[in-house]
Amino acid sequence: MKLSELEIFQAVAECGSVAAAAQRLHRVPSNVTTRLRQLEDTLGVQLFIRSNQRLQLAPAGHSLLEYSRRILALVTEARQAVSGGAALGTLTLGSMESTAAVRIPPLLATFHQRYPHIQLELTTGASGLMLEQVLSGHCTAAFVHAPLLHPALEGRAVYREEMLIIAPRSQPAFSCASELAGRNLYAFRSHCSYRRHFEEWFRAGLAMPGKIYEMESYHSMLACVIAGGGLAMMPRKMLESMPGHDQVSVWPVDQPWRWLDTWLVWRRDAVTPQLQALLELLPEQ
């Protein structure tokens with residue numbers, strides 16, 4: 001079993017297809033397929049279930065993936081140790097949209113300056129999706145808002161966000177959710193932790209919102225609220241970073257709903273040298 005075969009196997013497992021893995025590894029798909037077959041022949045097991053041109057990990061594949069990650073992380077660490085201490089490799093991060101927009105750019109710039117040989121890859125999405133990416137191994141770590149309940153994960157609270165309800169300028173003062181019952185909301189899809197937080201705020205006040213319109217960006221939410229269509233919830237720093245933030249009325253959420261912590265989370269069994277380097281630069285909430 002060669003390291004190159006493990007790298008190919010891991011890429012296919014994480015990408016979900018030969019074509020995507022080939023692109024990631026800068027190889028032709030036929031080479032990836034051949035090397036994968038050779039690895040299966042060497043081990044005498046089927047690593048993938050092949051159906052409808054899709055690849056899913058077989059039970060043996062799931063077992064090998066855990067070992068592959070550890071082995072390749074150790075190889076990277078060994079290369080680093082004998083190359084004069086220069087950190088190498090790839091760090092794949094996930095992040096919520098707001099955190100990626102207003103919190104981590106200075107952090108990533110500092111990281112790049114200090115560790116220029118580590119390749120950073122960033123993907124964004126709702127907290128639920130980012131947690132799935134970490135658990136599946138597609139991301140080394142992710143910035144999310146979520147209680148850290150999964151036994152395979154550990155993490156650190158790094159940012160505290162003040163949550164605001166934004167409304168059209170004509171919105172009269174209110175003191176509880178029941179006064180906003182039936183109002184339409186603008187939010188991300190159901191995986192979004194901030195959306196769930198907004199819905200829970202309504203339920204805690206024994207009220208229900210009206211229709212929830214699913215949007216693709218905070219800028220779209222803000223534009224709809226400015227137009228008078230409904231309400232949205234977002235972190236103060238996100239709101240204040242956008243043009244037009246002064247065209248809405250802003251209402252801090254009452255306690256205990258006002259503050260939310262953003263965590264960096266990672267798998268307990270997948271702490272790589274690249275992740276350790278990032279952790280050294282993180283603020284601690």
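1. Helices H1 and H2 are oblique to each other, a class that holds the angles left over once those under 35 degrees are called roughly parallel, those over 145 roughly antiparallel and those from 65 to 115 roughly perpendicular. The axes of H1 (residues 3-15) and H2 (residues 18-25) cross at roughly 125° and come within 8 Å. Axes are lines fitted to C-alpha atoms, for helices over the stretch in contact, with angles from 0 to 180 degrees between N-to-C directions. Glu-7, Ile-8, Ala-11, Val-12, Glu-14 and Cys-15 of H1 meet Ala-20, Ala-21, Arg-24 and Leu-25 of H2, where contact means heavy atoms within 4.5 Å. Helices (H or I, at least four residues) and strands (E, at least two) are DSSP runs, numbered from the N terminus.

2. The model is a predicted one, in which local features need pLDDT of at least 70 and side-chain atom pairs count only at pLDDT 80 or more, while totals for chains, interfaces and linings use all residues. Residues are numbered from 1 along each chain as its sequence is written, and side-chain values use heavy atoms, with hydrogens and water left out.

3. The largest nonpolar core has 35 residues, of which Ile-165, Ile-166, Phe-198, Trp-201, Phe-202, Tyr-218 and Met-221 touch the most other members. Such a core is a set of buried Ala, Val, Leu, Ile, Met, Phe, Trp, Tyr and Cys residues joined through side-chain atoms within 4.5 Å. Two or more residues come from each of E6, strand E7 (185-187), helix H8 (193-204), helix H9 (218-226), strand E9 (231-235) and helix H10 (236-240). E6 gives the largest share, five residues. Apart from this core lies another, of 21 residues, including Ala-100, Phe-111, Leu-275 and Leu-278.

4. Not counting residues up to four places away in sequence, Ile-166 touches Leu-222, Val-225, Gly-230, Leu-231, Ala-232, Met-234, Leu-239, Val-248 and Ser-249.

5. His-145 sits in the loop between strand E5 (141-144) and strand E6 (153-167). With 15% relative accessibility, His-145 is buried; buried means under 20% relative accessible area, exposed over 50%, and partly exposed in between (1.4 Å probe, protein chains only). Beyond its neighbours within four places in sequence, His-145 is in contact with Met-96, Ser-127, Ser-193, Tyr-194, Leu-260 and Asp-261. The side chains of His-145 and Ser-193 also form a polar contact of 3.3 Å. That term denotes a pair of N or O atoms within 3.5 Å; within protein, one must be able to donate a hydrogen and the other to accept it, and residues adjacent in sequence count only if both atoms are side-chain atoms.

6. Thr-140 belongs to the loop between helix H7 (127-136) and E5. Its relative accessible area is 16%, so Thr-140 is buried. Leaving out residues up to four places away in sequence, Thr-140 touches Leu-91, Thr-92, Val-134, Val-265, Trp-266, Arg-267, Ala-270, Thr-272 and Leu-275.

7. Some backbone geometry deserves a reader's attention. Most residues other than glycine have a negative phi, and most peptide bonds are trans. His-26, in the loop between H2 and helix H3 (29-43), has a positive phi near 60°. His-26 is exposed, at 74% relative accessibility. Leu-206 has a positive phi of about 55° and lies in the loop between H8 and strand E8 (212-214). Leu-206 is likewise exposed, at 80% relative accessibility. Gln-255 and Pro-256 are joined by a cis peptide bond, with omega about 0°.
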